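I opened my notebook to keep track of a few look-ups in this model. Come along and check each one on your own screen.

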Amino acid sequence: MSLATDAADKPTLYKRIRADIEKRILTGEWPPGHRIPFEHELVARYGCSRMTVNKALSELAQADLIERRRRAGSFVRRPQHQSAVLKIADIRAEITALGRSYGYELISRKLRAATTADRERLGVKKASKVVAISCRHSADKVPFAVEDRLIDLSSVPSAATADFSREPPGSWLLHHVPWTEAEHTISAIVADDRTAEALDIAVGAPCLVIDRYTWRSARTITAVRLLYPGDSHRLVARFKGG
């Protein structure tokens, strides 16, 4: 097939190729680190020119969904775990690294149409469905943090069928969904009745709060609020002068 024929007969083929690869990435079929088929393999699969394949891969790279390595090929981009101030920690790995026994309890999981409040929290206008998750993490059977999370299903459709009764949503997202930008807001509150019960602390006790938002190419992935007992958790960041 000539380049001229390919461009004339299939002007939107590269968009179909991009959409196909993007779907495999977003559904988790191709997880972070997975090697994308080589260009000549995609040429054979889609019956198109190398130029068409290259255009599709270039757009996926610009969207930070894949990374292209010279002579090695293209790979699903791994999440960047380091932010300017704090890394996005996997709570399970954090507790295990402390030499403590990790525990997890799914309190509730709801798949629902996005409410106005959901869209405002996610910072989006058109979210149609979300997964709302409440869960508790423990260390040596003592409550470590409670988590209240929304996942935008238009950005992460595979979250609709993920088994969050077994795997914490934060761990699942870090291992299955690439992201390009994150924001933390750190604050403090006093525990109300519900928070006190969940963390097994006194009503009015101080709590550390981390509100986190993650995006991929300006599309919201998730919004989460993490609450920690204030007397047993601290945040540390070290900087070097320029």
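**Ground rules.** I am working with a predicted model, where local features need pLDDT of at least 70, side-chain atom pairs count only at pLDDT 80 or more, and totals for chains, interfaces and linings use all residues. I number residues from 1 along each chain as its sequence is written, and side-chain values use heavy atoms, with hydrogens and water left out.

**Entry 1, cores.** I looked for nonpolar cores, meaning sets of buried Ala, Val, Leu, Ile, Met, Phe, Trp, Tyr and Cys residues joined through side-chain atoms within 4.5 Å. For burial I used relative accessible area: buried is under 20%, exposed over 50%, and partly exposed in between, with a 1.4 Å probe and protein chains only. The largest core holds 19 residues, and I17, I21, I36, L42, L57, L65 and I66 have the most contacts inside it. Helices α2 (13–26), α3 (39–46) and α4 (50–62) each give two or more residues to this core. The largest share, six residues, comes from α2. My helices and strands are DSSP runs numbered from the N terminus (helices H or I, at least four residues; strands E, at least two).

I also listed contacts, meaning heavy atoms within 4.5 Å, for L65. Leaving out residues up to four places away in sequence, L65 touches E22, I25, L26, L60, F75, V76, R77, P178 and R216.

I compared its length with the expected span, which is 1.5 Å times one less than the number of residues. The 13 residues of α4 should span 18 Å, and the end C-alpha atoms are 18 Å apart, so the two agree. Which residues of α4 are buried? I found T52, V53, A56, L57 and L60. They lie on the same side of α4, because they cover an arc of only 130° around the axis; the arc is taken from the directions from the helix axis to the C-beta atoms. On the face turned away from that buried side I found the exposed residues R50 and Q62. Just after α4, D64 has a positive phi of about 65°.

**Entry 3, helix α2.** I noted that L13, Y14, I17, I21, E22, I25 and L26 are buried in α2. G28 follows α2 with a positive phi near 85°.

I searched the whole structure for aromatic pairs and got three. Rings of Phe, Tyr and Trp (its six-membered ring) pair if their centres lie within 6.5 Å; planes under 30 degrees apart count as stacked, over 60 as edge-to-face and the rest as tilted. F144 and Y228 have ring centres 5.8 Å apart and planes at 85°, so I logged the pair as edge-to-face. F144 is in strand β5 (residues 142–152) and Y228 in strand β8 (residues 219–229), 84 residues apart. F164 and W172 are also edge-to-face, at 5.6 Å centre to centre and 85° between the planes.

I found S101 in the loop between α5 (91–97) and β3 (102–113).
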